[in-house]
Amino acid sequence: SSRGKERKSRKSIFGNNPGRLSPGESAALAKASGKGPFDVMRQTWEDPCSPYNSPASLSAIIRTPKCYHISSLNENAAKRLCRRYSQKLIQHTTCQLLRTYPAATRIDSSNPHPLIFWLHGVQLVALNYQTDDLPLQLNAAMFEANGGCGYVLKPPVLWDKNCSMYQQFCPLERDLDNKEPAIYSLTIVSGQNVCPSNSTGSPCIEIDVLGMPLDSCHFRTKPIHRNTLNPMWNEQFLFRVHFEDLVFLRFAVVENNSSAVTAQRIIPLKALKRGYRHVQLHNLHNEALEISSLFINSRRMEESPSGNTLPASMLFSMGERKAAVTYKVTIHGIPGPEPFTVFSISGGTTAAQLLHQLLATTKGTKSCAADYFLMEEKSFISKERSECRKPPFQRVIGPEEGLVQLLNSWFPEEGYVGRIIFKTREENLNERNVFQEAKEDAAISSEDDSFFVQVHDVSPEQPRTVIKAPRFSTAQDVIQQTLCKAKYSYSILSNPNPSDYVLLEEVTKEPANKKSSTPKPSQRILSDQECVFQAQSKWKGAGKFILKLKEQVQAARDDKRKGISFTSELKKLTKSSKQYRGFILPPLQVLPDSPQSKDERSACSLTFSDIME
């Protein structure tokens, strides 16, 4: 039609021809077509002296030159603006209010995803409150951190001119060069009553990282079979985040068999506290479930920029704003009734500054800061109970060392827990002397207070092993040390329980006469609390200890009892068979003058009853 040719011949003010009517086209074209969404705007709003009336500004397109005017767009028009004019839309929303609403084609009252509009600075995103879906749950999480008052300050990159990425940020970019993201660690430890309406389900947890397309990702744990009361996952996930100000974490409990979501929770990443936390779950109507929660561990790792790359957190926020963020640090060993004290520090606080703050607020300490220092201690955690604990690692924290960087350098996933201890110089010197003396005493007494014991039948791959144990070790202590040293096979569990095993003592006594036959070894089961060294010192011949399962020992006892009962029954049958038809046959008599020897007599003296049998 002529109208279509006229539309194709005209160009938009951005120098391109979109091909179809959109809010990016001029007002004259919108009026000519008769279908423009902004033809109701009054032309008297246009001020020729207004700076927004320039052809390159987005404000001139959507016709809101006054600061008190609000533009309303449906979701399709707003999405086109986000895709085509991303940076200009962000620039427009720095001084103008913009509202979006669901399209008229959503006859089922569903909702659009509001995050793409928030990333472009759109202040008002209208949603259908009659539909409890993911966008409405995300909207509730957006305003949950400030008590649901309905107002949240936009990230600085969307409005602050002092930000490094101001007017250069494009949320839809898939690649951000020279920007090092932050690494987050999230561990799903366990759950409590995760499916209130189903006690026999097989739940699994789905984690969605919702943010700009570069930061979005999805994880899923393994299902726990038929356990919704206290499932244990212990699964860790790592993900990278560039733009941390608008990132949400969604936890969804999914029943593995039906793929139905039974509980959920969405939390802003900025509002999620670090460390071990219980996250209360909500139902699909976003109502809190009182007894349903997830036990998680989250932590943020410090960026490690290399070369020309810079941390993304520095580029997307102001320096003053980042310095104003407070952190909590726990200091142990401060004089007083409490074992530890919590202090608030900023991102740039050093150890010397915290030490001065600590001395100023703590009573009973000297005013000279040179007599005190802070020490970092890493205590190693053994995952296996049978493993011996390593001594903690300690080092003095430098005066100019940043405490936030120190806290972010701890990795509990590697098997240790760190803490900061308040120390004095005299106390540290005395501890060193005591530690040195204890080490020397342990080296001297180690030879006298220990002994070697050999344990047999440890595993098919290791028939025997020799361990060095203290003299006061009991049978259970030796079993525990043996299982720790053994090489486990498929017949032994990866985490064996020492109480399931017993220590069998087998001693072979030396015969009194060398001509006599070899004696049989005697076996005895040691009690759990019996001293192994005393039992070994009582041996008068060759002996050894054998590792046995309690089930094997019990089965051997049952077999022995069955053998004894079978022998007694056989003897009864033998006696009854000697009586034949009511009389007993006398045994054959051998003449006394017979030339046979005693050995021959014993070999040939068979009774007739034995022959009959």
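**Backbone, sheet and confidence features of the predicted model**

Serine 259 lies in the loop that connects strand E9 (248–255) with strand E10 (261–268). In this predicted model, the residue has a phi near 60 degrees, a positive value in a residue other than glycine. Serine 259 is exposed, because its relative accessible area of 55% is over the 50% cut-off. Serine 109 is placed in the loop between strand E2 (97–101) and helix H6 (115–119). As background to these values, most residues other than glycine have a negative phi.

An open sheet is formed by five strands in the order E20-E19-E23-E21-E22, and the pairing within the sheet is mixed. Its edges are strand E20 (464–470) and strand E22 (522–525), each of which pairs on one side only. From one strand to the next, the twist averages 35 degrees. Strand E19 (residues 450–456) and strand E23 (residues 542–549) run parallel and are joined by two bridges. Histidine 456 has isoleucine 546, in E23, as its bridge partner.

Turning to the cysteines, the structure holds zero disulfides. Cysteine 149 has a relative accessible area of 47% and is partly exposed, whereas cysteine 531 is buried, with a relative accessible area of 16%.

Confidence was examined along the chain. The average pLDDT of the chain is 75, and 68% of the residues score at least 70. Over residues 5–56 the pLDDT is below 50; in the model, this stretch has 75 contacts beyond near neighbours in sequence. The pLDDT is also below 50 over residues 580–613, a stretch with twelve contacts beyond near neighbours in sequence. Where pLDDT is low, the predicted coordinates should not be read in detail.

Note on methods. Residues are numbered from 1 along each chain as its sequence is written. This is a predicted model: local features need pLDDT of at least 70, side-chain atom pairs count only at pLDDT 80 or more; totals for chains, interfaces and linings use all residues. Side-chain values use heavy atoms; hydrogens and water are left out. A disulfide is a pair of cysteine sulfur atoms within 2.5 Å. Buried means under 20% relative accessible area, exposed over 50%, partly exposed in between (1.4 Å probe, protein chains only). pLDDT is the predictor's confidence in each residue, from 0 to 100. Contact means heavy atoms within 4.5 Å. Two strands pair if DSSP finds at least two bridges between them. Helices (H or I, at least four residues) and strands (E, at least two) are DSSP runs, numbered from the N terminus. Axes are lines fitted to C-alpha atoms, for helices over the stretch in contact, and angles run from 0 to 180 degrees between N-to-C directions.
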